[in-house]
Amino acid sequence: MKSAAYLLLLLTLTACGSTHKGQEKQLRQDADSFATAYFNWRFEEALQWCTDSSSLWLEYAASQVHDADVELLRSKEEGATHELGTIDYQDDSTAQIAVSVRNFLLMDTIGKAARQVETADYKLPMKFERGQWRVSLKELPREQKTYN
């Protein structure tokens, strides 16, 4: 009887196990590091937590920074902060992680100075690549709009 209970417990734990690659802890660490760098406009630093193909988007973002933006960044008393939320695994090697960002400058319109945003929600696309979870940009991160 004990072996049947043990087998049932083992099957239950296996059925509830994850079907995605990599470790959630590593995914969260990379998303956290990326968000810290990206939302504080340290685009070159953010590269290390991205897939190789994401570099074009970060280079584009860096090319859009103007003198007025630099002054706004320098005048801020505190940097942007964020909180990671839930992870939505699309399959075994792609996911999205929710990120709530506070007190950051948003690059809004090309040619115009950035604007201060108190809070906004984002989803960072993640991809398991070469044994690591990385942010996988196909566009710059965009605010998640909620519609009622």
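Q: Helices are DSSP runs of H or I with at least four residues, and strands are DSSP runs of E with at least two. How many helices and strands does the protein chain have?
A: The model is predicted. The protein chain has five helices and four strands. Read from the N terminus, the order of these elements is α-α-α-α-α-β-β-β-β.

Q: Why is Leu 105 called buried?
A: A residue is buried when its relative accessible area is under 20%. Leu 105 has a relative accessibility of 6%, and therefore counts as buried. Leu 105 is located in strand S2, which covers residues 94-106.

Q: What does Leu 105 touch, apart from residues up to four places away in sequence?
A: The residues in question are Trp 41, Asp 69, Leu 72, Leu 73, Lys 76, Ala 114, Arg 115 and Gln 116. In the case of Trp 41, the separation from Leu 105 is 64 residues in sequence, while the C-alpha atoms are 8.5 Å apart in space.

Q: What makes Gln 26 buried?
A: The cut-off is again a relative accessible area under 20%. Gln 26 has 13%, so the term buried applies. Gln 26 belongs to helix H2, residues 24-38. When neighbours within four places in sequence are left aside, Gln 26 is in contact with Gln 132, Trp 133 and Arg 134.

Q: Which residues of the largest nonpolar core touch the most other members?
A: The core has 34 residues, and those with the most contacts to other members are Phe 34, Tyr 38, Phe 39, Leu 58, Ile 97, Phe 104 and Met 126. Two or more residues are given to this core by each of H2, helix H3 (43-46), H4, S2, strand S3 (115-129) and strand S4 (132-135). The largest share, seven residues, is supplied by S2.

Q: What makes Trp 57 and Tyr 60 an edge-to-face pair?
A: The distance from centre to centre is 6.4 Å, and the angle between the planes is 80°. Tyr 60 lies in helix H4, residues 55-63. Trp 57 and Tyr 60 are three residues apart in helix H4, and therefore about one helical turn separates them.

Q: How do you know that Tyr 60 is partly exposed?
A: Partly exposed lies between buried, under 20%, and exposed, over 50%. The relative accessible area of Tyr 60 is 33%, so Tyr 60 falls in this range. Trp 57, with 30%, is likewise partly exposed. Leu 56, Trp 57 and Tyr 60 form a nonpolar patch on the surface, with about 290 Å² of accessible area together.

Q: Why is the contact between Arg 42 and Glu 45 called a salt bridge?
A: A side-chain nitrogen of Lys or Arg must be within 4 Å of a carboxyl oxygen of Asp or Glu. For Arg 42 and Glu 45 the closest N and O atoms are 2.9 Å apart, so the pair qualifies. Arg 42 is partly exposed at 35% relative accessibility, and Glu 45 is partly exposed at 32%. The whole structure has seven salt bridges.

Q: How do you know that Glu 71 and Arg 74 form a salt bridge?
A: The closest N and O atoms are 3.6 Å apart. The limit is 4 Å, so this pair also meets the definition. Both residues lie in helix H5 (residues 67-75), three residues apart, about one turn of the helix. Glu 71, at 48%, is partly exposed, whereas Arg 74, at 63%, is exposed.

Terms used:
Residues numbered from 1 in each chain as written. Predicted model: local features only at pLDDT ≥ 70, side-chain atom pairs only at ≥ 80, totals over all residues. Heavy atoms only, no water. Patch = residues over 30% accessible without salt bridge, like charges linked within 9 Å, V, L, I, M, F, W, Y side chains within 5 Å. Areas by Shrake-Rupley, 256 points an atom, 1.4 Å probe, with all protein chains shown as cover. Buried < 20%, exposed > 50% of the residue type's maximum accessible area, 1.4 Å probe, protein only. Phe/Tyr/Trp six-rings, centres within 6.5 Å; stacked < 30°, edge-to-face > 60°. Contact = heavy atoms within 4.5 Å. Core = buried A, V, L, I, M, F, W, Y, C linked by side-chain atoms within 4.5 Å.
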